Amino acid sequence: MFDGISLLIKEAMDLNTFYKKNFLEDTSFTTSGLLFVIASCVLFMVIHRIAKWYNLRKKIPPGPIGLPFVGYLPFVGKEPHRTFWNMRSKYGDIISVFMGPKYTVILNDYNSAKEVLCNPAALDRAPDLFSHLGDIGFIAENGEKWIEQRRYCLSATRDLGLGRDHWEDLIIEETTNFIKNIKDQKGAPTDISHILASSVTSNIISLLIGRRLTKDEVDKVQIAIDYSDVAFTYMGPSNPTSVVPGLRKVCEIFKIAGYDKAMKVIRQFSSFIRAEINRHKTSPVFEDVRDFINSYLDKLSELSQTNNKNHYFSEIMLEGNLAILFLGASDTIFSSLGWLYRLMCEHKDIQEKVHKELMEVIGKDGRARYDERNKIPYTFAVLMEAQRFASNVPLSTTRKANQDIHINGYVIPKGSEIIANLWALHHDPAYWDEPEEFRPERFLTDGGTKLVKHAPSFAPFSIGRRNCPGETIAWMEILFYFSETLKNFEISTPPGVEPEFNIINGLVARLSPQPLCFKQRQI
């Protein structure tokens, strides 16, 4: 074998002789010689790729190998955030796993999460996470399209009064109806999930489409509720359909796990949004309404008159932006309030402190406004601690590295998917003393009179420029609903029943329904 190789090398030293002997004089060798050259090139490329992979493997974050095709998916369990956190003791703060066929880096601590997620090389959104929702606006875009549309959406909502009187007045109106519905239960054990979901959904929709849905449009409220359920139940960084390309479509075609029904709901919601856009374009009633739809349509009209084609504004993008602004707030609010009400059942002393502060500061007829949250520091500290304790979004939505990222001596290769373990950030003993305890005082300073403004390792709405676009809306609504509920009711479980904290997994960690008692206070 080695003699043959030596002979081949010797002949190759004289290229002219080799060429004449093997190619000109013996044309029969032309094909075999060509195949030899091709095979040699392929072998060289394979060896080069293996060497490159080996060198890279020494630099990438450590982690378990997993199984062929499915990677580590079978082992992440029902609470992948805890699984990744437990792997920290073996692999460190930054670990890598294959989630199906996708190489994924998990960030388990605040410093690495902040450094990576704020890196421009980690700004891209992974392509498959939102693919089942169709046109979903700027949240699924990258590059200039994402920058342009996100900037416009945030600017438009601020210009329309986000966080100021107009929007807060709409929230107050819906919150008043919610309180009335709870009073009608007369303190009996009640699962308020549907009442709360209907109220929150109606509220967010009214903010976006510029009108309140009427009693005759209950079906539209239900479509929006179902859409939110589908979006977050069938989506998540550890959901197999989010990481295996084409799997969602297979499940839909063969009617597996309800994916066919889920797609029907998505189409119904899209039709509802399109109808509202058309209503704004054709109905005189909406000509002077200052809402998000009209603002966007005015921008489209302005661009069309200037013949400016260098933009990404379109009615399809408007439809998607409305959908993501709705999703960015609705399920977060619903889940957060579910956790808060359950936690108040478990911590009666905290519940009473909140009630006392609300009555002393804002009184029976006052409203707890988001921009005046510093006047009720204990109440808002309870909201912040609930976000930390529950970690409603335990794993961040997935990013994709558009360049190699160097972090703590490791290299996150270009094309890697990146997930921040937000639950780990909120339960890291390095930042939170006894993190499994519910303690609002963590977010208070100056003897409990002021809020901690920028707590480290606290990121309920993620980190960096890709953070949740519905953050301000969410805080506003959570504060309104929570404060009005605790002003008017004493919340408890039925006699002899303990609060339950069983989680329904998805992108958002909801609690399983449990009947609670809302006893009206005499105020």
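Begin by selecting Met 344, Cys 345 and Glu 346 in helix H15, which meet Lys 348, Ile 350 and Gln 351 in helix H16; contact here means heavy atoms within 4.5 Å. The residues of this contact divide into 3 nonpolar, 1 polar and 2 charged. This is a predicted model, in which local features need pLDDT of at least 70 and side-chain atom pairs count only at pLDDT 80 or more, while totals for chains, interfaces and linings use all residues. Residues are numbered from 1 along each chain as its sequence is written, and side-chain values use heavy atoms, leaving out hydrogens and water.

Next, display both helices, H15 and H16 (residues 348-361), whose axes come within 5 Å and cross at roughly 110 degrees. H15 is therefore roughly perpendicular to H16 (the term covers 65 to 115 degrees).

Now select the whole of H15, residues 315-346. Its 32 residues span 47 Å from first C-alpha to last, close to the 46 Å expected at 1.5 Å a residue. Of these 32 residues, 28 are buried (under 20% relative accessible area; exposed is over 50%, and partly exposed lies in between, with a 1.4 Å probe and protein chains only).

Move to Cys 468, in the loop between strand E9 (450-451) and helix H19 (471-488). An unreviewed UniProt entry annotates Cys 468 as "binding site". Leaving aside neighbours within four places in sequence, Cys 468 is in contact with Gly 328 and Phe 461.

Finally, select Ser 457 in the loop between E9 and H19. Its phi is near 60 degrees, a positive value in a residue other than glycine. Ser 457 counts as buried, at 0% relative accessibility.

Notes
Helices (H or I, at least four residues) and strands (E, at least two) are DSSP runs, numbered from the N terminus. The expected span of a helix is 1.5 Å times one less than its number of residues. Axes are lines fitted to C-alpha atoms, for helices over the stretch in contact, and angles run from 0 to 180 degrees between N-to-C directions. Angles under 35 degrees count as roughly parallel, over 145 as roughly antiparallel, 65 to 115 as roughly perpendicular and the rest as oblique. Ala, Val, Leu, Ile, Met, Phe, Trp, Tyr, Cys and Pro count as nonpolar, Asp, Glu, Lys and Arg as charged, and the others, Gly among them, as polar. UniProt positions are given in the numbering used here, feature names are shortened, and annotations may be inferred rather than shown by experiment.
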